[in-house]
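Visitor: I've just opened this model and would like a walk through it. Could you show me how to read its features one at a time?

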Amino acid sequence: MRLIVIPAVLFCMSLLSPRASASVATYTDSSQSITLTGFGPNGQGEGQSNVVWGSCVFDDANTQCTVSAPYTGVGDGGTITLLITYPGNGPAPLTATSISPGNDLVNLSLTQGSFVATLTPDGGGAPVNFYQITNFNFFYSNPTCTGLQPGVCAVGQVGLTPNATITGPVHGIFDTTPVIGLPQGVISASAYGAFAALAPGTWMEIYGVNLATVLSQNWASGDFNGNLAPTTVGGTTVTVGGQPAFIDYVSPGQVNAQVPSNIGSGSQPVVVTTAGGGSLAFMITVNIVEPGLLAPPSFRLKEGQYVTALFPNGITFVLPPGAIPGVQSERAAPGDTIVFYGVGFGTVTPDSPAGQIVTQQNKLATDFQVSFAGVPAKVTFSGLTGGFLGLYQFDVVVPDIAASDSVPFTFSLGGNAGTQTLLIAIEN
């Protein structure tokens, strides 16, 4: 569980960005009590407390601690369940630390285990799980304190006083709305350049909180309508410029999607919607092209970032032999044909719109050129790869150049140089 922040008997997570507020569950007094027991001040004078989270049950492997309460404000209302799960049968690994000596604002941290908030609507609707927290708080309702002076019953003072306690039912709010993070909440595919701008038909990654109400889910064959990719996975949808994007993967912290073809250039809004509501728009620049070749972080060696190139067998990479443990690799030689992959290179002929599996031969509409150490190479194919969506393939013949394990590799599209700084390994 990530760091959580509690103001004055209040429990919430630091926000990544502004958020929409249309989906806020307000819950009344919980059926269980939350208890804080003071440890006394730490070296910085900040109060510390152990936290007992509601009622706990051990199932011979894990302990589950539950706080539940009726809520309103989302749908027709229902019951919110705040569940902490951790291994073993010992005390909950949940502690509260004041952000300053005696302050009722504290950091609450769970050192192992998980936290899940579930909204179960009245009327028999399906429960909805939230695995991250954007804005969640609780306030004690008529708490009871021990070990403090009469008239003093506060979270901060409990933390400063060894063995003092505060306990009672709680009430508060839980904002279920997805939040796209700042500053890099939306980028092009990270293995292909991770650019701050997008192009129609390219792949993008969206980062934030509560972006899905499932732990993780990829699209499956049953999600496709013929050759058309899904626009919803696990209940999450995405729009770019008001047009639906095609969803490949969702999790609470990340969504991968293909940008639709029919969006205009310039600043465009990206919105993520789940059962918890719709995010505020994250503005992203859309360019006609935003080309990037496959060059993942795993291909960054001490010499620099290597481009991903494959021999025609599809299993041997063009790298210094043994450069990456477990990866079959060889240097390429002049005259070898090697294969590169990319995203964001623009239109092809005949047209193949985003969201559709490529089923026909095509050719990149804009001239694509590559060079090895400044020496131009012959490109025998450039276009979208059959059987995939939005993935470009480039077949290139290695020119006659001097051998080196760190040959500079460059490319251009329509005469405009690519922005990635890349290397490749060549023998001669």
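**Reading the contacts**

Guide: Let's start with Glu-303, which is partly exposed because its relative accessible area is 37%. On this scale, buried means under 20% relative accessible area, exposed means over 50%, and partly exposed is in between (1.4 Å probe, protein chains only). Before we go on, this is a predicted model, where local features need pLDDT of at least 70, side-chain atom pairs count only at pLDDT 80 or more, and totals for chains, interfaces and linings use all residues. Residues are numbered from 1 along each chain as its sequence is written, and side-chain values use heavy atoms, with hydrogens and water left out.

Visitor: Which side chain meets Glu-303 in a salt bridge?

Guide: A salt bridge here is a side-chain nitrogen of Lys or Arg within 4 Å of a carboxyl oxygen of Asp or Glu. For Glu-303 the partner is Lys-302, at 3.1 Å from N to O. Lys-302 counts as exposed because its relative accessibility is 79%.

Visitor: How many salt bridges does a search of the whole structure find?

Guide: The search finds two. Besides the Lys-302 and Glu-303 pair, there is one between Asp-405 and Arg-331, with the closest N and O atoms 2.5 Å apart. That pair links distant parts of the chain, 74 residues apart: Asp-405 sits in strand β41 (residues 404-413), and Arg-331 in the loop between β34 (329-330) and β35 (337-343). Strands, by the way, are DSSP runs of E with at least two residues, numbered from the N terminus.

Visitor: On to cysteines, then. How many disulfides does the count come to?

Guide: Call it a disulfide when two cysteine sulfur atoms are within 2.5 Å, and the count is two. Cys-56 is joined to Cys-65, S to S 2.1 Å, and Cys-145 to Cys-153, with sulfur atoms 2.0 Å apart. Number the bonded cysteines in sequence order and the pairing reads 1-2, 3-4.

Visitor: What about handedness: is the disulfide of Cys-56 and Cys-65 right-handed or left-handed?

Guide: Look at the torsion about the S-S bond. For Cys-56 and Cys-65 it is about 110°, so that disulfide is right-handed. For Cys-145 and Cys-153 the torsion is about 80°, so this disulfide is right-handed too.

Visitor: And is Cys-65 buried or exposed?

Guide: Cys-65 is buried, at 0% relative accessibility, whereas Cys-56 is partly exposed at 38%.

Visitor: Now the strands. In which sense do β3 and strand β14 pair?

Guide: Two strands pair if DSSP finds at least two bridges between them. β3 and β14 (residues 165-168) have four, in the antiparallel sense. Strand β13 (residues 144-146) also runs antiparallel to β14, and three bridges join them. Within that pairing, Thr-144 has Thr-167 as its bridge partner.

Visitor: Which residue of β14 stands opposite Ile-34?

Guide: That's Gly-168. Ile-34 is in β3, residues 34-41, and counts as buried because its relative accessibility is 0%. Contact means heavy atoms within 4.5 Å. Leaving out residues up to four places away in sequence, Ile-34 touches, among others, Trp-53, Phe-138, Tyr-140 and Gly-168.

Visitor: Which backbone oxygens does the side chain of Gln-305 reach?

Guide: We're looking for polar contacts: N or O atoms within 3.5 Å, where within protein one must be able to donate a hydrogen and the other to accept it, and residues adjacent in sequence count only if both atoms are side-chain atoms. The side chain of Gln-305 reaches the backbone oxygen of Ala-295 at 3.3 Å and has a polar atom 3.0 Å from that of Pro-296. Gln-305 lies in strand β31, residues 304-305, and is buried at 9%. Beyond four places in sequence, its contacts include Phe-299, Arg-300 and Leu-422.

Visitor: Last one: which side chain makes a polar contact with that of Thr-118?

Guide: Asn-129, at 2.6 Å. Thr-118 lies in strand β10, residues 114-121, and counts as buried because its relative accessibility is 14%. Besides Asn-129, residues in contact with Thr-118 include Thr-79, Ile-80 and Pro-127.
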